[in-house]
Amino acid sequence: MKDAQPRAIYLKDYQQPDYWIDTTALTFELGEESTLVTSTLNFHLNESKTHDSLPPLPLHGTDMELVSVAIDGEVIPADQYQVDKHQLMLQPKSDAFETTIVTRIKPQENTSLEGLYRSSSMYCTQCEAEGFRKITYYLDRPDVMSVFTTTVIADKEKYPVLLSNGNAIKRQELDNGRHMVTWNDPFKKPAYLFALVAGNLEFIEDSFTTMSGREVNLKIFTEAHNITKCDHAMRSLKKAMKWDEEVYGREYDLDMFMIVAVDDFNMGAMENKGLNIFNSSAVLARPDTATDAAFQRIEAVVAHEYFHNWSGNRVTCRDWFQLSLKEGFTVFRDAEFSADMNSRTVKRVEDVNLLRSHQFVEDAGPMAHPIRPDSFIEINNFYTLTIYEKGAEVVRMIHNIVGKEGFRKGSDLYFERHDGQAVTTENFVSAMEDANGVDLTQFQRWYNQAGTPVLDVSDAYDEEKQEYSLTIKQSCPATPGQNTKLPFHIPVEIGLLDGEGEPMPVTPDGKTTTVLDLKDEEQTFVFAGMDERPLPSLLRGFSAPVRLNYDYSREDLVFLMSNDEDGFNRWDSCQRLAIDVLMELVSAIQEGKELVVDTSLINAYGQLLADESLDKAMVAEMLNLPSETYLAEQMDVIDVDAIHQAREFVKQQIAAGLKDQLVDTYKKLRTDKPYQPEAADIAERSLKNTCMAYLTELDDVVGVDLAKAQYESATNMTDTMAAMGCLINASHESAAPAAKMVLAEFAEKWADDNNVMDMWFSSQAGSASTKLETVKALMEHPSYDKKNPNKMRAVVSAFCVRNLVNFHDLSGSGYEFLTDEVIRVDALNPQMAARLINPLTRWKRYDEARKELMQKALKRIQKHELSADIFEVVSKSLA
Ligand code: TRP
Ligand code: ZN
């Protein structure tokens with residue numbers, strides 16, 4: 001370990017700081033050798049705490065050189081303050097004072113990508129969660145909010161663009177070819193929302209008139225070679241601004257809103273006040289460089305960061321235990337925005353898929369935590385699917401409990417009550433309760449208890465009484481530190497279908513869908529006036545983030561697939577049917593039995609393809625078999641080889657059984673109309689490419705020829721990538737030469753485009769046809785960059801997360817590979833290392849041989865000098 005073992009911090013220990021900061025004035029002198037930061041802070045004593053005497057003032061700070069400290073203009077000699085690796089301790093002499101602190105930092109050597117760092121030719125910052133303390137000594141905690149004024153000084157030729165939060169209030173030419181710009185942000189904010197950018201950047205510009213008639217200038221900045229890829233992000237931004245006014249009544253509050261694209265970024269994007277900084281992969285798109293999925297992700301991320309201006313910035317978090325206050329709420333907001341802009345059901349399916357294949361796994365693993373954790377060692381490890389996605393599901397449940405209008409009343413009250421404050425998840429829930437007169441006391445357990453609840457549902461029909469009853473039992477598995485759980489308040493939306501597939505009334509006033517409020521461990525719900533035994537449609541719209549068991553027959557599922565009025569459940573029934581068929585094959589493989597695919601699945605797929613009235617995007621979603629990851633999630637002891645084999649076999653059987661229909665559908669959907677990232681067109685491409693993917697599973701040339709032809713004639717990246725992906729994935733020999741040729745051509749054409757090459761890398765690394773040797777070779781490719789997070793995700797994570805058969809090879813070579821990478825990356829960028837290591841932490845789910853190998857790998861990592869990030873993940877995984 002670098003220092004002493006990192007220690008956990010606890011929510012129960014929260015205390016306000018002894019001093020507040022009113023104003024923060026920063027001056028950055030950016031130099032090639034080093035950067036000088038001068039900070040002038042105005043403090044005053046926190047009068048709401050009782051003090052016997054003036055308490056000391058510990059300021060956070062790490063990885064920098066302290067040049068000088070002054071209080072109220074007087075330089076303090078070194079024997080009157082203490083400075084160590086993590087803090088600067090001052091002793092104030094009055095209850096209001098001003099500090100002037102000068103620090104020297106080296107952004108060009110900062111590979112952690114937090115604080116101030118360089119990405120290609122520019123300087124940029126990432127301060128959430130605790131990066132500001134790498135820039136200067138400060139009270140780096142979200143409840144300390146102040147007004148920032150920032151002056152940036154740099155060489156004018158190299159860095160003509162100098163940006164920070166708020167409005168530019170002064171520009172000046174200086175000596176030696178330097179220039180200076182001063183920015184002021186009138187809104188109080190915590191340091192994690194601070195941002196600075198300096199570079200030789202171009203921009204596109206637009207404007208938005210807010211609902212009260214104010215004109216806002218919008219700018220998106222990139223390096224010159226990417227300037228033609230910003231239009232989609234700009235359109236998305238304007239849509240998001242309008243939507244937030246219409247749906248939440250929220251107006252933008254500064255005269256300027258800026259987005260900057262950078263290539264080196266640990267996450268997707270960051271909501272710094274007035275100056276959002278984005279991973280280039282979450283902004284840049286042109287039809288020939290980005291897929292439909294990328295276009296949609298950009299729309300969602302631009303909206304997400306914009307929405308933070310209210311849910312996160314105007315009302316922020318009191319401490320980092322409250323992270324889901326802003327993230328869960330904002331993910332819910334961006335999901336609803338995407339649902340309104342595109343297809344609501346498709347968006348729901350995508351989100352539930354993500355939750356079930358990855359968040360459920362997290363919630364059952366060694367790092368499981370409630371959406372409001374009560375302790376952590378390293379906050380960076382808590383930017384998780386649980387905080388974001390499960391957090392959004394919890395907000396969605398509140399939305400459904402109080403209704404659309406009630407939710408708006410609640411959010412209005414929340415923003416009004418807490419504007420300019422740093423608050424807690426309880427404050428959010430209280431606003432919802434107070435605006436609607438509801439009691440969410442029991443519901444609040446969703447914030448404090450980890451783990452995915454399980455619902456076991458059984459039913460009975462009493463012909464004589466004409467009564468149907470549903471009995472629901474809830475339970476929740478133990479998670480670290482929480483052995484037993486109290487019952488949750490779980491809203492279970494249901495409907496009942498009669499023998500003709502018609503919806504039956506389930507409420508006294510004749511509605512065909514209703515929400516059952518499950519609050520006890522076990523409850524029975526009775527429906528009267530049922531003249532036949534109904535088939536239940538359960539957990540409609542995925543009304544709660546739970547696993548639901550009910551003993552559906554395959555006939556029931558096929559019936560629901562075509563008759564359920566709930567679109568989400570039509571898809572879910574199809575998933576359940578596919579899982580049932582696939583898991584039966586997995587058992588057959590394990591028992592060495594003959595493999596036969598139940599024709600009910602193939603027939604159901606055939607009907608989907610034949611029905612032209614269906615939404616094509618939903619048909620594509622239904623034809624997509626559950627991922628290997630989600631299938632793994634269904635097994636007590638994961639058998640990656642059997643899963644892969646079963647899934648391949650089913651794909652081949654479907655392709656063989658429905659070949660003519662697949663070819664037909666493919667040909668009907670082929671078009672040469674110009675590319676548009678609109679829902680209807682996306683749906684057609686998605687179904688067309690799904691058909692192609694099945695056809696390339698067949699060991700004949702039909703599919704391969706289609707894919708080759710599509711690759712050659714494609715006029716957009718969606719079709720190009722789909723064709724290339726099919727050729728890479730096809731397991732039979734006839735596809736190999738075509739795959740090789742296409743890969744070479746693609747790499748030559750796009751060698752200079754970072755984001756495009758990321759797709760080239762990940763489509764290979766994530767494919768079961770790619771062996772570890774090839775993955776290692778990819779990392780020696782000239783377009784690879786061993787320090788760049790997008791490249792690590794495209795190769796290392798793609799291999800370890802999606803290419804399960806090769807990562808889990810029984811030789812242990814995949815584990816060794818990841819171990820070496822984690823150790824190497826931890827020394828550069830701990831946040832990234834702690835994300836990469838994730839697949840190794842699931843060792844308990846595998847067979848004895850793999851368990852042992854994975855534990856060995858974790859123990860090898862433990863022997864090194866570790867960051868707090870990796871220390872926390874490894875020690876919790878081995879506990
Ligand atoms: N607040 C950012 C978001 O929601 C998350 C984020 C971006 C972040 N970059 C980060 C979190 C770096 C931790 C570290 O989109
Ligand atoms: Zn966010």
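Author: Helices H8 and H9 cross in a left-handed way; a crossing is left-handed when the near helix is turned anticlockwise from the far one by less than a right angle, and right-handed when clockwise. The model is predicted, so local features need pLDDT of at least 70 and side-chain atom pairs count only at pLDDT 80 or more, while totals for chains, interfaces and linings use all residues. Residues are numbered from 1 along each chain as its sequence is written, chains are lettered from A and ligands numbered from 1 in the order written, and side-chain values use heavy atoms, without hydrogens and water.

H8 covers residues 554-563 and H9 residues 567-590; helices are DSSP runs (H or I, at least four residues) numbered from the N terminus. Their axes come within 7 Å and cross at roughly 150°; axes are lines fitted to C-alpha atoms over the stretch in contact, with angles from 0 to 180 degrees between N-to-C directions. That makes H8 roughly antiparallel to H9 (over 145 degrees).

On the H8 side, Arg554, Leu557, Val558, Leu560, Met561 and Ser562 take part. They meet Arg570, Ser573, Cys574, Arg576, Leu577, Asp580, Val581 and Glu584 in H9, contact meaning heavy atoms within 4.5 Å. These residues divide into seven nonpolar, two polar and five charged. Nonpolar covers Ala, Val, Leu, Ile, Met, Phe, Trp, Tyr, Cys and Pro; charged covers Asp, Glu, Lys and Arg; the others, Gly among them, are polar.

Met618, in helix H11 (residues 616-623), touches residues including Gly567 and Trp571. Met618 is buried, at 9% relative accessible area (buried is under 20%, with a 1.4 Å probe and protein chains only).

Methods:
Helix = DSSP H or I, 4+ residues; strand = E, 2+ residues; numbered from the N terminus. Parallel < 35°, antiparallel > 145°, perpendicular 65-115°, else oblique. Buried < 20%, exposed > 50% of the residue type's maximum accessible area, 1.4 Å probe, protein only. Lists of a residue's contacts leave out its neighbours within four places in sequence.
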